[in-house]
Amino acid sequence: MHSTHWNWERTEYVEGKGIRAIGKRNVLNNFCIGISGNQQSCNRCHIGYGYADASFNFNDSLNVDCLACHDNSATYLKAIGGAGLPDSSVNLSFVAQHVGKPQRTNCGTCHFFGGGGNNVKHGDLEMSMFDPSRDVDVHMASEGSDMQCVDCHSAQKHQMLGKMYSVSSMNRGRVECEHCHSAMPHTDDVLNDHTLKVACQTCHIPTYAKVNPTKLFWDWSTAGRLRNGEPFEEKDSAGTDVYMSIKGSFVWGKNIKPDYIWFNGTASHYLVGDTLDPSRPLQLNVLYGSYDDPDAKIYPVKIHRAKQIYDTQYRYLIQPKTVSTKPGDGGYWAEFNWDRAAEEGMKQVNLPYSGHYGFVQTEMYWPVNHMVSPKSQAVQCGECHTRENGRLANLSGFYLPGRNYNPWVEFLGVGLLVLTLAATVVHGSVRFLMNRKRKGSN
Amino acid sequence: MKKEYVYKAFERFWHWAQAALIIFLGVTGFEIHGSIRFFGFDQAVRYHNVAAISFIILIVFAIFWHLTTGEWRQYMPTWKNLRAQAEYYVFGIFRNAPHPTRKTVLSKLNPLQKLVYAGLKVLVIPVMVVSGLLYMFYRYPQHNEILSLNIGSLEVIAVLHTIGAFLLVSFFIAHLYLGTTGRTVTSNLKAMITGYEELEEDSVDNKAQPVSHEPVLTK
Ligand code: HEM
């Protein structure tokens, strides 16, 4: 009953905001934005029965859906739009006879499909991870160590290790590679030196979204186009959605090189009602860290960008009501009216809506931790230690050998070499000519 | 002219090993620096580190040799003839004027050489070794939280190391060329290979120099 999977929030210290209860219950993202008003659909992935609105009773243990995680028959399924209730097709007594420790299927059913489709959110957690090849994930490959999610994300009293910085802020309860591997695991000292400042993931996850594409950009502002009064969808040649009337347009990407940031394990979040500056991209979660911070290391992240709805007068993000459960409830996916969706959604979060909306650019930072490659595919030295287009080209504030140099030293040094060379050539030529002349005149 | 044993076996070994190591350290170092592509960054680092350790070992032996033989005195910089030597390279050399400094076994360096070599030995090489070692081991104080030894940034270390590297490479170029300005174009080279060199028997400039007691071969 104290688990985060159950409560969808936990008490965290948020930099600059103090101690707050944050989690999926109240944090906004730049995918489907937020659950408020949309519980009927979103909460299919809650480990409860019937979390359909804010009145859900979190104190009643009979509301806990044990089977979502503990079904080992791989037949358990929650109903679409059912607020967490099982699908009517499920044979519950069969499932009840096959319970056990969570398998990849249990976790993946929710965590691979967050944001409304396969690999939408993470980029490193998706369908192929149900049974990945070694090239995709050395840890979880059945032909490799065949690890289950819970082998790393171990739990005591259902409090699992590991968390996502889309909804958490503090440096605690993390899964670290060092729980199994040592802090200096390489035979090469030079590589071991790196572990002071570089997280394992940075070199060992050269790309993410290795098998299926992940969403990189979501433009809500184009949503609402209709054909003959009906919503429609457009797919690209690979069969990926690029436009949906209900959600707007998307850009997807596959085999992506991560972005890199300094990260010390603490984060801050945009919380409902915070004011924003529409002239620049709003970071919904800020991951802290810098070279000078002894707790920070370089980590790979996926940056998800979006354009999402905000109140142009009050200057805060709008929690729209997207899901529609009955006619006239304002759900955007049925009515395609942003004003109504904003009005109804903001009621759910108890904030006024001015009646004026616009779209603001937002960014979210998702650390990439899975899809660890076999060591033969690890990022090579020269991919960062290079003057041009290195993987770390955007990280500043520190000296990276091979990338950085002091322009003055470079100028004077090269100048010195050129002068020395020129001097020897000139001196040598004059010597040679004078010598010949002398010999000739003798 | 008489042929004298100028460069002892260790000295010659030291010279050529040092030359090879500095060239190799220069190539691998400037690959690490991003100026050239040759071995690939990871191999360059590996080779640079191995060569650096070898270089340090060689330096230890060289210091021992210089101290025990007293040869270190050869490098004491002097004002005497410094100007004459510089003028020789700018004017005299073109007119086939005699070398202003007489080379003898006990004083085989001219004043400019003394100055430059002493500078390398007491300044450039120590800077390279110290900055190189700090570059190599900068992690350890920080990781073990010896904060007083903590190196916040590699930048200063790397910049010093790079300055030294540029100086060494330009020294190398000048050294190669000046090596051809001996009695004949190749006489210095031959001397450093065989140890023997034809030296003038006496000179007006260097009456004060003691006469060699080394075994002497005459032509
Ligand atoms: C005992 C002597 C030396 C030591 C201990 C040493 C050590 C190092 C180390 C540890 C690095 C950093 C890269 C790496 O991890 O390998 C480095 C870089 C470098 N070394 Fe050396 N080195 C020495 C001598 C030299 C010499 C003689 C040269 C040139 C003639 C040289 C040129 C360079 C250059 C250009 C860099 C790249 C600097 C930068 O761009 O940051 N090094 N050295």
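# A tour of rings, a ligand and charged pairs

Begin by selecting Phe39(B), which counts as partly exposed because its relative accessibility is 29%. The model on the screen is a predicted one.

**Stop 1: aromatic pairs**

How are the rings of Phe24(B) and Phe39(B) set against each other? Their planes meet at 65° and their centres are 5.8 Å apart, so the pair is edge-to-face. Phe24(B) belongs to helix H1 (residues 9-33) of chain B, while Phe39(B) is in the loop between H1 and helix H2 (41-69), so that the pair links distant parts of the chain, 15 residues apart.

Over all chains, the whole structure has 36 aromatic pairs. Phe263(A) and Tyr299(A) are another edge-to-face pair, at 5.6 Å centre to centre with 80° between the planes. This pair also links distant parts of its chain: Phe263(A) is in strand S9 (residues 259-263) of chain A and Tyr299(A) in strand S13 (residues 297-311), 36 residues apart.

**Stop 2: an aromatic cluster**

Stay in chain A and select Trp218(A) and Phe250(A), which are part of one aromatic cluster that also includes Phe31(A), Trp220(A), Trp252(A) and Tyr332(A).

**Stop 3: the ligand**

Select the ligand and the 25 residues around it; those that come nearest are Tyr399(A), His33(B), His48(B), Tyr135(B) and His161(B).

Colour the shell by element. H1, H2, helix H4 (111-137) and helix H6 (155-178) of chain B each supply at least two residues. The largest share, seven residues, comes from H1(B). By type, the shell has 17 nonpolar residues, eight polar and no charged ones.

- His48(B): an N or O atom of its side chain is 2.7 Å from a nitrogen atom of the ligand.
- His161(B): an N or O atom of its side chain is 2.7 Å from a nitrogen atom of the ligand.
- Asn49(B): an N or O atom of its side chain is 3.0 Å from an oxygen atom of the ligand.

**Stop 4: salt bridges**

Side chains of opposite charge can pair when their charged atoms come close. The count is 23 salt bridges over all chains.

Select Arg104(A) and Asp146(A), whose closest N and O atoms are 3.2 Å apart in a salt bridge. Arg104(A) is in helix H5 (residues 104-111) of chain A and Asp146(A) in the loop between H5 and helix H6 (149-152), so the pair ties together parts 42 residues apart in sequence. Arg104(A) is buried, with a relative accessible area of 7%, whereas Asp146(A) is partly exposed at 34%.

Move to Lys235(A) and Asp241(A), which meet in a salt bridge at 2.8 Å, N to O. Lys235(A) is exposed at 51% relative accessibility, but Asp241(A) is buried at 19%.

In chain B, select Arg83(B) and Glu87(B), a salt bridge with its closest N and O atoms 3.1 Å apart. Both are in helix H3 (residues 82-90), and being four residues apart they are separated by about one helical turn. To finish, select Glu335(A), Arg340(A), Glu343(A), Glu344(A) and Lys347(A), which salt bridges with shared partners join into one network.

How values were computed
Residues numbered from 1 in each chain as written. Chains lettered and ligands numbered in written order. Predicted model: local features only at pLDDT ≥ 70, side-chain atom pairs only at ≥ 80, totals over all residues. Heavy atoms only, no water. Phe/Tyr/Trp six-rings, centres within 6.5 Å; stacked < 30°, edge-to-face > 60°. Buried < 20%, exposed > 50% of the residue type's maximum accessible area, 1.4 Å probe, protein only. Near = heavy atom within 4 Å. Polar contact = N/O pair within 3.5 Å; in protein donor to acceptor, adjacent residues only side chain to side chain. Nonpolar A, V, L, I, M, F, W, Y, C, P; charged D, E, K, R; others polar. Salt bridge = Lys/Arg side-chain N within 4 Å of Asp/Glu carboxyl O.
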